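Dear colleague,

Please find the structure below for your records. My notes on selected parts of the chain follow.

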Amino acid sequence: MTSSRTNLRLLALALAITLAGCNQPRDPGYQGWVEADMIFVSPDESGRVTKLSVREGDEVKAGMQLYAVDDDLQQADLNQNNATLANAQQSYDRAAALSKTGSGTQATLDAAVSALRVAEAHVNTRLARRIGFAPVAGAVQQIYFREGETVPAQRPVLSIMPPGNMKVRFYVPETDLPKLAIGDEVRVTCDNCAADLTARIYFISTSAEYTPPVIYSLDERNKLVYLIQARPSRPDALRVGQPISVFPGAKTPVADKR
């Protein structure tokens, strides 16, 4: 009988401890989301996209050809540049011949050389700039113009997301700012994500702002907060636009362990 009473007391005590732990408020962390600084690749002049060598999601390396834009207008200009180049070559030949016989001046020869080099540059570079190459390595995030569509000058044909340009953005109340500093490592959590995601703070805003509407916490919406940005240690484990929670330090909060 005594043993049964003892067991009941131990069970009641364990239940009370469990309920006390459940009643403790769970730390929601700082709310935020994932963003990335995209690299936009665009032609210098307008034209029709004649070839698209990549698709969204493809991994590209720096220097890889991405697209080609038609060169109809450039071919017309090329004919004119070739004529200019021929004239510059003739002027140079005459100036060089006169310089050898002493009839010409060095200034005339220098001017002919300069005109020749400019004409050669126009011929060699005008067509090459109709092809878009990847300026960095990364994943093709979005394609804005496809084959057959006309892209205006300096409008991006596609965007590339380098892994190193991924970042997490979150907002911290003024009272919590002393807890964080540039270079600190924070823990990042999200739905169905790995448990060991971390990020390192590289930017802390110096001016306060109202919590943006994307943060749906009623307790935080009307408070002044400070923007903080951090680089994730595993950018491949996150997706742009994904909502996340951030906790100071890389350790798991006690509430999460329970």
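A polar contact is taken here as a pair of N or O atoms within 3.5 Å; within protein, one must be able to donate a hydrogen and the other to accept it, and residues adjacent in sequence count only if both atoms are side-chain atoms. The model is predicted: local features need pLDDT of at least 70, side-chain atom pairs count only at pLDDT 80 or more, and totals for chains, interfaces and linings use all residues. Residues are numbered from 1 along each chain as its sequence is written, and side-chain values use heavy atoms, with hydrogens and water left out.

The side chains of Thr-198 and Glu-185 form a polar contact at 3.3 Å. Thr-198 belongs to strand β12, residues 198–204 (strands are DSSP runs of E, at least two residues, numbered from the N terminus). Its relative accessibility is 12%, so Thr-198 counts as buried (under 20% relative accessible area, 1.4 Å probe, protein chains only).

Ser-205 sits in the loop between β12 and β13 (209–210) and is buried as well, at 11% relative accessible area. A polar atom of its side chain lies 3.0 Å from the backbone oxygen of Ser-207. Leaving aside residues up to four places away in sequence, Ser-205 touches Tyr-226 and Leu-227 (heavy atoms within 4.5 Å).

Elsewhere, four strands form an open sheet in the order β2-β9-β7-β4, with antiparallel pairing (pairing requires at least two DSSP bridges between two strands). β4 pairs with β7 (residues 138–143) over 2 bridges, and Glu-59 has Ala-139 in β7 as its bridge partner.

With kind regards

Note on methods. Buried < 20%, exposed > 50% of the residue type's maximum accessible area, 1.4 Å probe, protein only.
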